[in-house]
Amino acid sequence: MKTILLLFGGCSSEHAVSLESARAVLEALDPGRFVPLAVGITREGAWYRYTGGPESLLDGEWLQPRWTSPCTLRLDRGAAAVVLLDGSGRQLPFDAAFPVLHGKNGEDGTVQGLLELAGVPVVGCGTLAGALAMDKHRAHLLAAAAGVPCPRGAVFRRGAAPEDLAAAAAALGYPLFCKPVRAGSSFGVTRVEGPEGLPVAAAVAFAHDDELLLEAAAAGHEVGCAVLGEPGGLTVGAVDWVELAGGFFDYHEKYTLETAALRCPAPLPPADTARVQAAARTVYEALGCRGFARVDFFLEADGRLLFNEVNTIPGLTAHSRFPTMMAAAGVGFRDLINGLVAREVGA
């Protein structure tokens with residue numbers, strides 16, 4: 001039996017989504033092969049050993065004294081243990097870590113760097129891929145260098161002159177998107193219809209990051225593809241297709257599908273499906289991903305395929321996009337989760 005450190009929560013805007021993913025992962029882990037060691041990170045960044053059940057992993061409900069003990073990670077290389085800070089000094093060893101943390105301070109390579117420093121095997125992408133994928137601008141540069149086109153855009157640092165932003169926006173043309181360079185789940189993203197909306201959109205983006213990206217609006221559909229790294233090479237899932245009644249695929253729509261709909265497999269000709277899957281492989285490798293990731297694109301009306309972003313820890317509920325893509329390719333949710341873990345611990 002292998003013990004798996006499952007990290008969930010996190011001081012991120014996507015804290016609540018992480019709890020949903022962690023619940024699904026805990027329920028999917030094979031109890032005959034793996035023992036979970038669940039550690040929750042609060043919105044403020046405090047770490048707690050969690051001994052409650054998956055059903056109690058709801059926003060705010062898990063953090064109860066009867067289920068939690070303050071803890072920290074032992075950083076001695078090769079030690080691989082959680083140290084309880086409840087006065088007992090007990091150390092709980094584990095064999096590998098599975099960060100189920102979405103967004104900043106979890107998906108961006110920070111936690112992966114901590115684990116790699118301690119010599120801990122990590123399920124999923126490592127430090128470099130996490131940092132690059134979270135950085136939209138630099139991910140676009142690498143994808144373009146690998147031959148995958150991206151939307152036209154311009155990057156500005158906090159403190160940039162408003163007239164410079166206005167000039168760049170005019171050159172790109174309206175409507176356009178104003179995005180934080182480093183943020184997940186569309187937090188801080190605004191669709192800007194005209195010059196009058198740009199100052200507010202810039203302020204919103206800078207509230208999430210020190211850099212913003214002005215990006216020409218894509219006219220096509222958003223499509224995505226799951227990529228699974230395996231010992232024999234890469235496996236791609238089915239391509240999905242986002243249908244919107246209006247606006248864009250923001251945080252609210254991603255997690256409620258109030259007016260949006262996801263179609264998987266996407267209603268595309270086989271040649272277009274193959275193009276998306278090939279481009280997903282290319283971007284996955286260009287950013288140095290490993291384990292699993294979801295690569296998203298815009299498929300324009302004229303047939304052009306433009307890279308949007310990579311999610312190195314996509315949603316991991318049974319109904320999330322990544323597992324749905326893999327299920328459509330013949331890999332069920334339990335097999336997906338246990339396979340990812342098994343590859344890190346040799347179980």
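Start by selecting F8, V25, F98, F292 and I337, the residues with the most contacts inside the largest nonpolar core, which has 34 residues. A nonpolar core here is a set of buried Ala, Val, Leu, Ile, Met, Phe, Trp, Tyr and Cys residues joined through side-chain atoms within 4.5 Å. Buried stands for under 20% relative accessible area, exposed for over 50% and partly exposed for anything in between, with a 1.4 Å probe and protein chains only. Colour β1, α1 (15–28), β2 (34–41), β7, β12 (221–230), α9 (321–328) and α10 (333–345): each supplies at least two residues of this core. Helix α10 gives the most, with 7 residues. Helices (H or I, at least four residues) and strands (E, at least two) are DSSP runs numbered from the N terminus.

The model is predicted: local features need pLDDT of at least 70 and side-chain atom pairs count only at pLDDT 80 or more, while totals for chains, interfaces and linings use all residues. Residues are numbered from 1 along each chain as its sequence is written, and side-chain values use heavy atoms, with hydrogens and water left out.

Centre on V25 next. Leaving aside neighbours within four places in sequence, V25 is in contact (heavy atoms within 4.5 Å) with L6, F98, V100, L316 and I337. Apart from this core lies another, of 31 residues, with C125, V227, V283 and V295 among them.

**The seven-stranded sheet**

Select the open sheet of 7 strands, ordered β6-β5-β4-β3-β2-β1-β7, with mixed pairing. Its edge strands are β6 (91–93) and β7, each pairing on one side only. Two strands count as paired if DSSP finds at least two bridges between them. On average, neighbouring strands of this sheet are turned by 35° against each other, direction ignored. Axes are lines fitted to C-alpha atoms, for helices over the stretch in contact, and angles run from 0 to 180 degrees between N-to-C directions.

Within the sheet, β3 (residues 47–50) pairs with β4 in the antiparallel sense over 3 bridges. Pick R49 to find one end of a bridge; its partner in β4 is S69. Helix α2 packs on the sheet and touches β1 (2–9), β3, β4 and β7, its direction making about 175° with that of β7.

Two loops are worth a stop. A80, in the loop between β4 (68–73) and β5 (81–84), has a positive phi of about 45° although it is not a glycine; A80 is buried, at 12% relative accessibility. N105, in the loop between β7 (96–100) and α2 (110–117), likewise is a residue other than glycine with a positive phi, near 60°. N105 is partly exposed, at 35% relative accessibility.

**Aromatic pairs**

Show the rings of F8 and Y50, an edge-to-face pair with 5.9 Å centre to centre and 80° between the planes. Rings of Phe, Tyr and Trp (its six-membered ring) pair if their centres lie within 6.5 Å; planes under 30 degrees apart count as stacked, over 60 as edge-to-face and the rest as tilted. F8 is in strand β1 and Y50 in strand β3, 42 residues apart. F8 is buried at 0% relative accessibility, and Y50 is buried at 3%.

F292 is in strand β15 (residues 292–299) and F322 in helix α9, 30 residues apart. Both are buried.

**The four-stranded sheet**

The open sheet of 4 strands runs β8-β11-β9-β10 with antiparallel pairing. Its edge strands are β8 (153–157) and β10 (190–192). Neighbouring strands here are turned by 25° on average, direction ignored. Strand β9 (residues 176–180) and β10 pair over 3 bridges, and L176 stands opposite V192 in β10. Helix α5 (residues 162–172) lies across β8, β9 and β11 (211–216), at about 25° to β11.

In the loop between α5 and β9, select P175; the peptide bond joining Y174 and P175 is cis, with omega about -5°.

**Last stop: D240**

D240 is in strand β13 (residues 233–243) and is buried, with a relative accessible area of 2%. Its side chain makes a polar contact with the side chain of R321 at 2.8 Å. A polar contact is a pair of N or O atoms within 3.5 Å; within protein, one must be able to donate a hydrogen and the other to accept it, and residues adjacent in sequence count only if both atoms are side-chain atoms. Not counting residues up to four places away in sequence, D240 touches residues including C264 and M325. From C264, step to P265: the peptide bond between them is cis, with omega near 0°.
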